[in-house]
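Please look over the sequence and the model below before reading on.

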Amino acid sequence: MDRTVVVIDRDLPKGLAANAAAVLALTTGARRPELVGDDFSDAEGSEHPGLITTGLPVLAAPAEELSALRASALDSGLLVVALPAAAQTTTDYAVFREAIATTSEPAYLALLVSGRAKAVRALTGSLALLR
C-alpha cells in the first residue's frame, strides 16, 4: 500500500502554503496518474473530473528540516516533489529554472513524498497536521 503526504514549512503564510500544496499536487498527478480516480457524476448528472483516491495529509515541519527530509526520502527510493523557495519569487518558469541552476543547496518551502506507506510514515509520522 502506498501513502502520499505533503510537508510544508510551518511558518509559510496560508496563501503561500495553499499555493505550494497545489503546485506539488499538480506535478504529482502528472507523474503518478494512477493516483487519480475515475470521473464521477453527481445526482443532477453533472460530470466531475476524478480526484485523488487516497487521503493526502498536509503536514507541517520547520523550514530547516525540509532539505534533510528530502534527502532521506530520496535515499529511501520514494517519489519526492520539492518546491524550492525560488519558485514563489517569479511567475516566469525560465527565470525560476535559471535561479535554481545557480543554487547549490536550494531552500525548500514544501515537499510531497509518495511511496511505500511504511517508508513514508517512518519519515513523516512524527509531523503534525498543518494548521
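Asp2 is partly exposed at 40% relative accessibility, a class that lies between buried (under 20% relative accessible area) and exposed (over 50%), judged with a 1.4 Å probe and protein chains only. This is a predicted model, in which local features need pLDDT of at least 70 and side-chain atom pairs count only at pLDDT 80 or more, while totals for chains, interfaces and linings use all residues. Residues are numbered from 1 along each chain as its sequence is written, and side-chain values use heavy atoms, with hydrogens and water left out.

**Salt bridges**

- The structure holds two salt bridges, a salt bridge being a side-chain nitrogen of Lys or Arg within 4 Å of a carboxyl oxygen of Asp or Glu.
- One of them pairs Asp2 with Arg32, with the closest N and O atoms 2.9 Å apart.
- Asp2 belongs to strand β1 (residues 2–9) and Arg32 to the loop between α1 and β2, so this pair ties together parts that are 30 residues apart in sequence; helices (H or I, at least four residues) and strands (E, at least two) are DSSP runs, numbered from the N terminus.
- Glu34 also forms a salt bridge with Arg32, and here the closest N and O atoms are 2.7 Å apart.
- Glu34 is exposed, with a relative accessible area of 52%.
- Through shared partners, the salt bridges join Asp2, Arg32 and Glu34 into one network.

**Surroundings of Arg32**

- Arg32, in the loop between α1 (14–31) and β2, is buried, with a relative accessible area of 14%.
- When residues up to four places away in sequence are not counted, Arg32 touches Asp2, Leu79, Ser114 and Gly115, where contact means heavy atoms within 4.5 Å.
- Between Arg32 and Ser114 there are 82 residues of separation in sequence, and their C-alpha atoms are 9.5 Å apart in space.

**Negative charge on the surface**

- A surface patch of negative charge gathers Asp38, Asp39, Asp42, Glu44 and Glu47; patches are made of residues with over 30% relative accessible area and no salt bridge, like charges being joined within 9 Å and nonpolar side chains (Val, Leu, Ile, Met, Phe, Trp, Tyr) within 5 Å.
- Glu44 sits in the loop between β2 (40–41) and β3 (47–48), and at 73% relative accessibility Glu44 counts as exposed.

Technical notes. Accessible areas come from the Shrake-Rupley method with a 1.4 Å probe; for residues, only the protein chains shown count as cover. Lys and Arg count as positive and Asp and Glu as negative; His and the chain ends are not counted. The place of a charge is taken as NZ of Lys, CZ of Arg, CG of Asp or CD of Glu.
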